[in-house]
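I opened my notebook today to look around one protein model. Here is what I looked up, entry by entry.

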Amino acid sequence: TMYSGSSTANAKVSVKSTKLATKVAFGDVTEVLAEGDQMDHYIPIEAYDADGVKLTADEIVDSQNLSRIKVMGTNVGLSTGASGAVEIMTSGEHKGQIHLDRVNGASGSVAYFTAYIATAGSNSYANKSVKVDKVRTPDSLKVDTEAATKGILHADDDFKILVMDQYGKEIKTSGTYVENGKNVTYSVY
């Protein structure tokens, strides 16, 4: 209630507690992890409150839940951390997902991810394994920007061709890869 002179005004405010994560799980992993990858990968996680209601990405990364949910990985890491270090993204398109930017495991090995909550009254553990595939190699070319269908004599027309790997992702860098025991060096210009 607010008083101002002889006037008053009333308002009701509903106060709710923060949705606390009490259970964690992994979503469907669609990422291909390849030996030697040095690119951003995102692994989806899910969190649920005590009533079994799924938390949104914003709720997963709020100050209380972000400190409750711990994540780690093997055969993967972040360039800014130790081996096995991964983090939950707090903003952007992949908010609420596990972020890693390098794959340390060899082809045929497995990357293991663990997410857990270990607090008084709430213990939840989730594990996920993802196979580490063969090193990414140039596999095909894809036209990204088409050339114009008509042109004028001596005019320029730009078009763009992408180099794609065997998993359908664009290769943006140069590198040396081992294929069938031989070193292959390629460059994209």
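**Entry 1: a histidine to start with**

Which residues does histidine 41 touch, not counting residues up to four places away in sequence? I found Glu31, Val32, Leu33, Ile98, His99, Leu100, Val103 and Arg136 in touch with histidine 41. Contact here means heavy atoms within 4.5 Å. Histidine 41 sits in strand 5. I noted a relative accessibility of 0% for histidine 41, so it counts as buried. My cut-offs: buried means under 20% relative accessible area, exposed means over 50%, and partly exposed is in between (1.4 Å probe, protein chains only).

**Entry 2: ground rules**

I reminded myself that this is a predicted model, where local features need pLDDT of at least 70, side-chain atom pairs count only at pLDDT 80 or more, and totals for chains, interfaces and linings use all residues. Residues are numbered from 1 along each chain as its sequence is written, and side-chain values use heavy atoms, with hydrogens and water left out.

**Entry 3: the whole chain**

I looked up the secondary structure and got two helices and 16 strands. Both kinds are DSSP runs numbered from the N terminus: helices are H or I with at least four residues, strands are E with at least two.

Next came the overall dimensions. The C-alpha trace spans about 85 × 50 × 25 Å along its principal axes. The radius of gyration of the protein chain is 24 Å, while a compact globule of 189 residues would be near 16 Å. That radius is taken over C-alpha atoms, and the globule rule is 2.2 Å times the number of residues to the power 0.38.

Of the 189 residues, 33% are buried. The chain exposes about 12,400 Å², with carbon and sulfur atoms supplying 49% of it. Accessible areas come from the Shrake-Rupley method with a 1.4 Å probe, and for residues only the protein chains shown count as cover. Among contacts between residues at least 6 apart in sequence, 55% join residues at least 24 apart.

**Entry 4: the nonpolar core**

Which residues touch the most other members of the largest nonpolar core? I wrote down Phe26, Leu33, Ile69, Leu100 and Phe113, out of 25 residues in this core. Strand 3 (23–26), strand 5 (41–48), strand 6 (69–74), strand 9, strand 11 (110–119) and strand 12 (122–133) each give two or more residues to it. Strand 11 supplies the largest share, four residues. A nonpolar core is a set of buried Ala, Val, Leu, Ile, Met, Phe, Trp, Tyr and Cys residues joined through side-chain atoms within 4.5 Å.

A note from general reading: in soluble globular proteins, nonpolar side chains tend to be buried together.

I then picked out phenylalanine 113. Leaving out residues up to four places away in sequence, phenylalanine 113 touches residues including Phe26, Leu33, Ile43, Met72 and Leu100.

**Entry 5: salt bridges**

How many salt bridges does the structure hold? I found five. Each is a side-chain nitrogen of Lys or Arg within 4 Å of a carboxyl oxygen of Asp or Glu.

Aspartate 58 pairs with lysine 95, with the closest N and O atoms 2.5 Å apart. This pair links distant parts of the chain, 37 residues apart: aspartate 58 is in helix 1 (residues 57–60), and lysine 95 is in the loop between strand 8 (87–88) and strand 9 (97–100). Aspartate 58 is partly exposed at 48% relative accessibility, and lysine 95 is partly exposed at 25%.

Glutamate 46 bridges to lysine 54 at 3.5 Å between the closest N and O atoms. Lysine 54 is partly exposed, at 47%.

Aspartate 133 and lysine 131 meet at 3.1 Å, N to O. Lysine 131 counts as exposed, at 52%. Salt bridges with shared partners also join Asp37, Arg136 and Asp165 into one network.

**Entry 6: a patch on the surface**

Which residues form a nonpolar patch on the surface? They are Leu141, Val143, Phe159 and Ile161, with about 410 Å² of accessible area together. Patches are made of residues with over 30% relative accessible area and no salt bridge; like charges are joined within 9 Å, and nonpolar side chains (Val, Leu, Ile, Met, Phe, Trp, Tyr) within 5 Å.

Leucine 141 lies in strand 13 (residues 138–145) and is exposed at 64%. Valine 143 is also in strand 13 and is partly exposed at 43%. Beyond its neighbours within four places in sequence, valine 143 is in contact with Lys160 and Ile161.
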